Amino acid sequence: MNILNWFGKRGVDVYEYDNDYQLKNIGNIVIPEKLTSKNAFLLANSVSEIFFPVDFYADRISKLRFFIANKQGREIVNSELNRFVSDGINPLFSFSDLIYNYVFSLLADGNAINYLGVPSIYKSISPSTIERWDVLQPNMVDITEVTNFSLLNATSLNEAIRRADYLQGGLTRQQLDVEKLVINNVGLKRKTNSIVLAEGLLWKANKSIDTLLSVYSARYNVYANNGAAGYLAHKASSNANSDLESAIAGANKKEQIVKDINERYGITGRRNIWGVSGVPIEFVKTLATISELMPFDETLESSIKIASVFQIPPVLVPRKDQSTYDNQENAERNVWENGLLSMAETVCQNLTKMFRLPAGNKISFDSSNVSALTQNESEKEDLNAKKIANLERLQALNLEIDIKPIITEIYNGYGKE
């Protein structure tokens with residue numbers, strides 16, 4: 001008795017590997033055909049080539065130190081407002097987690113949907129009444145917008161929202177207070193049939209994303225639906241062709257053969273990689289190889305184009321032939337200068353406005369702990385030293401130059417970059 005059959009008769013949950021193969025559907029991968037306004041966030045969370053640039057920004061910005069600053073950009077140490085940049089603003093997530101979720105949603109979906117926790121006893125939203133900040137999953141928020149609404153007459157995006165519901169885990173629906181809802185967008189283009197929601201940066205690379213998804217689908221089909229890798233049989237005789245034709249004659253028999261091959265033979269699941277034929281034919285290769293489709297070259301090309309939307313150079317895109325450490329360090333510094341710092345500034349401006357901080361106060365960040373920018377700081381120090389040395393030489397020539405204002409300007413610039 002087959003050992004698997006033996007266990008099966010005793011109720012053990014195993015497959016019986018006999019003549020009637022049980023696993024009809026190999027794999028459970030569902031691959032969308034293209035990017036849509038509804039699946040951008042999910043694709044960014046499930047396709048590594050799309051996840052990489054979005055996570056690149058969200059991860060690095062979330063690791064910055066944020067603080068409350070005055071009008072001059074100096075940190076305010078002892079302030080009640082510091083709770084807005086601390087872990088206490090949400091009992092479930094750290095402030096770093098909230099920043100990560102905020103940036104990831106903003107770049108992946110095009111929208112960061114925030115909800116402010118304000119007790120019902122308060123009639124207005126102010127820094128003193130905001131107790132909590134949540135970043136909602138954009139695919140879990142159902143927004144019903146006002147029809148025939150014009151943005152040209154609006155003072156707030158919330159005016160275009162009739163109703164908003166949060167689908168918690170897809171199980172329960174909670175109606176949100178629209179006044180406590182704050183939506184931040186990136187990009188001007190709106191989603192289809194929406195005024196308040198933007199399409200986001202991923203749409204700048206939608207053709208590359210569609211190509212990438214097609215490559216994934218093709219690769220999956222090669223693995224799951226090619227049947228056996230080949231057949232072993234007797235050496236073909238002179239009448240092999242006629243024998244083969246008679247063996248597969250008729251549409252019904254051909255369909256049965258294809259069904260039998262796909263169920264019994266293949267390179268995935270509980271199938272045999274080789275097949276043995278009763279027809280006197282030589283070895284016939286049946287598996288379309290991955291290399292013939294060249295999907296990995298196509299995947300890398302799409303990854304580079306998607307990353308370029310976020311100002312990330314090709315040298316930083318993950319690949320098997322990764323670049324040297326020096327090249328990566330220089331490239332990452334360029335991303336900070338051309339993209340990450342400006343995005344961090346945008347985050348600070350949005351949060352300052354969302355929390356309704358008093359005039360003269362704002363949320364700022366400290367990038368001094370970013371190793372990629374350390375070289376820049378060193379270069380600035382050398383430049384300032386050269387400026388001061390040149391000024392002192394000019395003053396020594398009795399040109400009556402007052403160098404104090406310039407030195408004061410250099411001094412005041414410390415801590416602002």
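Me: Before we start, how are the residues numbered, and what pLDDT do local features need?
Reply: Happy to set that out: residues are numbered from 1 along each chain as its sequence is written, and side-chain values use heavy atoms, with hydrogens and water left out. As this is a predicted model, totals for chains, interfaces and linings use all residues, side-chain atom pairs count only at pLDDT 80 or more, and local features need pLDDT of at least 70.

Me: How many helices and strands are in the protein?
Reply: Helices (H or I, at least four residues) and strands (E, at least two) are DSSP runs, numbered from the N terminus. Counted that way, the protein has 12 helices and 11 strands.

Me: What percentage of the residues count as buried?
Reply: Buried means under 20% relative accessible area, exposed over 50%, and partly exposed in between (1.4 Å probe, protein chains only). Of the 417 residues of the protein, the buried share is 37%.

Me: At what angle do the axes of helix H3 and helix H4 cross?
Reply: Two packed helices are described by the angle between their axes and the distance between the axes. Here axes are lines fitted to C-alpha atoms, for helices over the stretch in contact, and angles run from 0 to 180 degrees between N-to-C directions. The axes of H3 (residues 48–62) and H4 (residues 95–108) come within 8 Å, and they cross at roughly 145°.

Me: How many nonpolar residues are in the contact of H3 with H4?
Reply: Contact means heavy atoms within 4.5 Å; on the H3 side it includes Phe 51, Val 54 and Tyr 57, and on the H4 side Ile 99, Val 103 and Leu 107. Ala, Val, Leu, Ile, Met, Phe, Trp, Tyr, Cys and Pro count as nonpolar, Asp, Glu, Lys and Arg as charged, and the others, Gly among them, as polar. By class, 2 residues of this contact are polar, 2 are charged, and the number that are nonpolar is 11.

Me: Why does Ser 62 count as buried?
Reply: Ser 62 lies in helix H3. Not counting residues up to four places away in sequence, Ser 62 touches Ser 96, Ile 99 and Tyr 100. Ser 62 counts as buried because its relative accessibility is 7%.

Me: Which residue in E5 is the bridge partner of Ile 143?
Reply: Another open sheet of 3 strands has the order E4-E5-E6, with antiparallel pairing. Strands E4 (141–145) and E6 (172–175) each have a single partner strand, so one side of each is left without a neighbour in the sheet. E4 is joined to strand E5 (residues 161–168) by 5 bridges. In E5, the partner of Ile 143 is Ala 164.

Me: Which residue in E11 is the bridge partner of Phe 66?
Reply: Strand E1 (residues 65–69) is largely enclosed by the rest of the structure, because 4 of its 5 residues are buried. E1 and strand E11 (residues 362–366) pair in the antiparallel sense over 5 bridges. In E11, the partner of Phe 66 is Phe 365.

Definitions and conventions: Two strands pair if DSSP finds at least two bridges between them.
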